[in-house]
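Dear colleague,

I am passing on the structure below, together with some notes on what turned up when I went through it. Please read them with the model open beside you.

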Amino acid sequence: MIGGLFIYNHKGEVLISRVYRDDIGRNAVDAFRVNVIHARQQVRSPVTNIARTSFFHVKRSNIWLAAVTKQNVNAAMVFEFLYKMCDVMAAYFGKISEENIKNNFVLIYELLDEILDFGYPQNSETGALKTFITQQGIKSQTKEEQSQITSQVTGQIGWRREGIKYRRNELFLDVLESVNLLMSPQGQVLSAHVSGRVVMKSYLSGMPECKFGMNDKIVIEKQGKGTADETSKRCLRQESCGKQSIAIDDCTFHQCVRLSKFDSERSISFIPPDGEFELMRYRTTKDIILPFRVIPLVREVGRTKLEVKVVIKSNFKPSLLAQKIEVRIPTPLNTSGVQVICMKGKAKYKASENAIVWKIKRMAGMKESQISAEIELLPTNDKKKWARPPISMNFEVPFAPSGLKVRYLKVFEPKLNYSDHDVIKWVRYIGRSGIYETRC
Amino acid sequence: MTDSKYFTTTKKGEIFELKAELNSDKKEKKKEAVKKVIASMTVGKDVSALFPDVVNCMQTDNLELKKLVYLYLMNYAKSQPDMAIMAVNTFVKDCEDPNPLIRALAVRTMGCIRVDKITEYLCEPLRKCLKDEDPYVRKTAAVCVAKLHDINAQLVEDQGFLDTLKDLISDSNPMVVANAVAALSEIAESHPSSNLLDLNPQSINKLLTALNECTEWGQIFILDCLANYMPKDDREAQSICERVTPRLSHANSAVVLSAVKVLMKFMEMLSKDLDYYGTLLKKLAPPLVTLLSAEPELQYVALRNINLIVQKRPEILKHEMKVFFVKYNDPIYVKLEKLDIMIRLASQANIAQVLAELKEYATEVDVDFVRKAVRAIGRCAIKVEQSAERCVSTLLDLIQTKVNYVVQEAIVVIKDIFRKYPNKYESVIATLCENLDSLDEPEARAAMIWIVGEYAERIDNADELLESFLEGFHDESTQVQLQLLTAIVKLFLKKPTETQELVQQVLSLATQDSDNPDLRDRGYIYWRLLSTDPVAAKEVVLAEKPLISEETDLIEPTLLDELICYIGTLASVYHKPPSAFVEGGRGVVHKSLPPRTASSESAESPETAPTGAPPGEQPDVIPAQGDLLGDLLNLDLGPPVSGPPLATSSVQMGAVDLLGGGLDSLMGDEPEGIGGTNFVAPPTAAVPANLGAPIGSGLSDLFDLTSGVGTLSGSYVAPKAVWLPAMKAKGLEISGTFTRQVGSISMDLQLTNKALQVMTDFAIQFNRNSFGLAPAAPLQVHAPLSPNQTVEISLPLSTVGSVMKMEPLNNLQVAVKNNIDVFYFSTLYPLHILFVEDGKMDRQMFLATWKDIPNENEAQFQIRDCPLNAEAASSKLQSSNIFTVAKRNVEGQDMLYQSLKLTNGIWVLAELRIQPGNPSCTLSLKCRAPEVSQHVYQAYETILKN
């Protein structure tokens, strides 16, 4: 298991050092600094073995978190834990920076004592932790409160405490998708996928039992096989959820979702944590709506000039508006000057980033726009050809490129007197660009 | 005011000030001071001098302060054991506290203080806490048992904590169960033999139930524990799989990977005909792909594991090529891993896409990545024949870029393509030759030289090209020198008229001016070959080369199976068994996949065999670069050779399978299955053997060293001993010995008639014995044996007789008949008569096998009074078919690594350590059938001492 956990600043000075196992000595702290942080070349692996000691590291801005072990630990678990550790710290004091870590070192030690015991990760749900690691001392609690804390920390529903009350029961669902694309210069889709998340903000009283439904192909088809007298119902349902269903390649759920139930009935049921959490993640690859198409044209005019023309086309309903559109056209390292003309928005050559950045605030569907640029090059004797990085794009659209639709989110709280109808529900769809690249 | 100020106090006299503050009456000031102490501790300052003062602050109501003091205690208690005792009372008191959080804190901290005196006091509170009413305390106590076990294992056993811990597996709280499982698994690892984690269907059921309820981390502990269970039949395996599959949808990647591990392992037990098997395969792909959208570090772990999974079960991900396409912004470690998997998944169906991608990658910036991409293009050409042409033209395009490392890499792979598809793409040679001057890496130079030598007849100026390399002969690396030597000899054989001078020059460079024994030896061999028999030389040097294999860098199958059992862990990231990087005995228990059910075996080979490979053929592994022991067929560039290694590996595998139940089962009644006896000599072996005769014995040593075949002088022969005294056999005295010469074993007998009558009608018969020795011909005594007459007879023996394990192993019971009576005697034969001529193992193979054989099979012996040096010992052993695979000098000691093979295909690996000046040497033997070790040692001793 994890033998020790160290946090360093960018210079390699130790900010936090907590050793869990006897086989990890103080020299391990230095070994990592010397061999990884101060290493000359680029990091070639997130796992480093130095003198039979393995170091796992992740970096958050310029802070290094390193977990150390001498055993054959579960490597995936160690990384998941390090990410979790970052989440927990962020939930307590915001951004992970040297300043914040130094200011909260006592708290961090307290957290590390709680969420890692002898190198074994323990309950690390922020909701639960915040009930008893407060930096205020807990002497004031009554006996009931104490046992409530412990039962929450160890319980089956570790992510929610009892007795939550809201005057207004309300929930928000955000379907956030990032659409990824790699396209060849000829416009052939090399790979495309959507990775989506359903984020829920719940402000519900008691211990509500929720059931979430979407236009998952498997579910819809299953219902399609229902008996005849259900036909009318089915028609209704299909109308309400739109025409199509989507094929989900794979999905993962927050630990509150009953996985065995999903596996057997493909129904998503859970008792949600209070406040915001990520209900599910999913991935689709079929029938993706690609909101934009990028058509590049790069022409080398002699050794010292490059002509670039890029056309973007929006491909969605004309009534919808895409926002925050940014096209990034890479330029060679030996660029000396750039002239740009664009039909819409603003374009600038940013020498420090070796790219022309073209920004458009808004763009409706089924439109197209164009930019042309002349790039002057300094003559070089560098034999190596310019690698021609792909043209990348950023945008935000108010629909889900995967076609996912929320069909329902039902809430049942048998003990309290509010019903599904009393809950105010909000659903929002946002599609963003992930890695959206077109080679040129 | 913020806490960061504590990190900046660096003035002198600090310790004094802190001491004063710690003893202050004001609570706030005390707390501040402890914080300062902890900050100093963090940055590595020694604040142990403050121990008593800090411990004094322990008695407090303030929980935050208490935790800080505990933190200090955990760090320094070991250096101040006497003082640490002061804290015991507080701990014991805290363990009784009404607040469960404080009880848990006390027991958690006490377990971290590694001071004997404190551990004594820990037992009672721990016992109470294990039965505490509050689950939070119980789950903490469960881990504490593991802590205590780490400090004092005996104490834990004596106090009966292990039983209490086992009881916790049935606890009502899932988190307690999970921690108990984690603690027990850890303790069980240090006692591999104990039946601590007594997993049976009932307890497995409990674990599976807890799996649905506990935290993500708990699920990992439980899944990792489940993976160690061995279901009793396929039905149980299936039912566990069914209950584990829902975990594949968990948001935590570690849960997913641990679930994959359980499924991959238990799948071995499922029949392939089962519908469920297919369903399971389908279910595995999507979660593996999803792992690739995790953070880069996790992606890396996932990719390393996918690399194993793809080798074990290529069918799972065969349609998912696209997800492994490299993204421009992927970290380099992700890119390199993706590329590896792309090559593995490349097939005729997707080759066009893959090639387009690889071409794209070859223009990237990172040198390692570009090289690997170029190499991958070559691999594709070799793997998918239809794509070869496109690959070659892509490579030519890349050579046109003139980027130095791209060109070199391309030349190295083109050489392999030539090997795979002879006489197909030689038109590109001209282009390659243009780049001769830009090659500065040994591997690329060697590859180019090989090409020039191989196609010398088509390159007009081949002699000029090779001559240009010859100028700096001594500055070249060994690889290039060897290759140059071979290439020039080839050239000479093809164009003898113009190149005589050149060949003499290179031969003298290699034999007279070089210190490298490999080079010298090869030089001499060529020289003698050429001067003795040019036609034979042509046959040797220009022999047809064996085909190269299609798969690259495959992990050796037994290691792969072991690594599959370690999915998700560091071992799977390093692709090494835990014993390679974990110290001590912990965590190095050898794991293996459950045996396959028989019904599935038949269906297996056509499906799982890599595309293109004929079914049933063992895919062989391309050896790593840098094998110094090249062979005459100039295959030392490290291209994938499917000749000799293939042959040996298949024999090896056959032997291993049969070895299941030890020696007895190995010596079953089917001589075909044993492999060793009907082993077909690899093509390389055949050629020099033919040549053996005209060259004379002086050369034979050289030959043996490089090719491992063709022994001319026989094995050591012991003097004859009396086996059957005349007293016992009515006047017939038999003495004899065993010999082995040029591959045949014989029993040399001397029969003396000490009776007064004539003896006739001799016959001989052997009882069944361990190695199936049997007379290959009847006993031929031509004339009747008159009184006082003696005859010498050599009786040829075969090893295809019936097999029965004898005690001792080399016991042979013989019956001899004559006109008077039948007589019985038994004798012990020296084991070295069974050492076969092709017992030289490939160097890589040797390493892999040595590692593979478990350590308990290793036996060590001392050979006393044997004042030989390494060379002498080596050549002595060689003549008895014990072959030196490699030689090393470690701290003044000569280490000889040797291999030998018995007639029934058992390999024995040996390490002989010789210390100059010390008459005794140490012999370590490793063999899958350890019973033979003792006799091999005796053989060694007899050979070395005579």
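By class, the lining of the second largest cavity in this predicted model comprises seven nonpolar, one polar and six charged residues. That cavity has a volume of about 160 Å³, and of the 14 residues that line it, the closest to its centre are A:P390, A:R439, B:Y328, B:E360 and B:E364. A search of the whole structure finds 15 cavities of 30 Å³ or more.

In chain A, five strands form an open sheet in the order 2-1-5-4-3, with antiparallel pairing. Strand 2 (14-19) and strand 3 (47-50) of chain A each have a single partner strand and stand at the edges, so one side of each is left without a neighbour in the sheet. From one strand to the next the twist averages 20 degrees. Strand 1 (residues 4-8) of chain A runs antiparallel to strand 2 of chain A and is joined to it by five bridges, and A:Y8 has A:V14 in strand 2 of chain A as its bridge partner. Helix 1 (residues 26-37) of chain A packs on this sheet, touching strands 1, 2, 3, 4 and 5 of chain A, and its direction makes about 50 degrees with that of strand 1 of chain A.

In chain B, the axes of helix 1 (residues 14-22) and helix 2 (residues 27-42) come within 8 Å and cross at roughly 145 degrees, in a left-handed crossing. Among the residues that meet there are B:L18 and B:L22 in helix 1 of chain B, and B:A33, B:V34 and B:V37 in helix 2 of chain B. The residues of this contact divide into five nonpolar, one polar and five charged.

Definitions and conventions: Residues are numbered from 1 along each chain as its sequence is written. Chains are lettered from A and ligands numbered from 1 in the order in which they are written. This is a predicted model: local features need pLDDT of at least 70, side-chain atom pairs count only at pLDDT 80 or more; totals for chains, interfaces and linings use all residues. Side-chain values use heavy atoms; hydrogens and water are left out. On a 1 Å grid over the protein atoms alone, a cavity is a set of points where a 1.4 Å probe fits but cannot get out, and a pocket is an open set with protein on both sides within 12 Å along at least five of seven lines; lining residues have an atom within 4 Å of a point. Grid points are joined across faces, edges and corners, and a volume is the space filled by probe spheres set on the points. Ala, Val, Leu, Ile, Met, Phe, Trp, Tyr, Cys and Pro count as nonpolar, Asp, Glu, Lys and Arg as charged, and the others, Gly among them, as polar. Axes are lines fitted to C-alpha atoms, for helices over the stretch in contact, and angles run from 0 to 180 degrees between N-to-C directions. Helices (H or I, at least four residues) and strands (E, at least two) are DSSP runs, numbered from the N terminus. A crossing is left-handed if the near helix is turned anticlockwise from the far one by less than a right angle, and right-handed if clockwise. Contact means heavy atoms within 4.5 Å. Two strands pair if DSSP finds at least two bridges between them.
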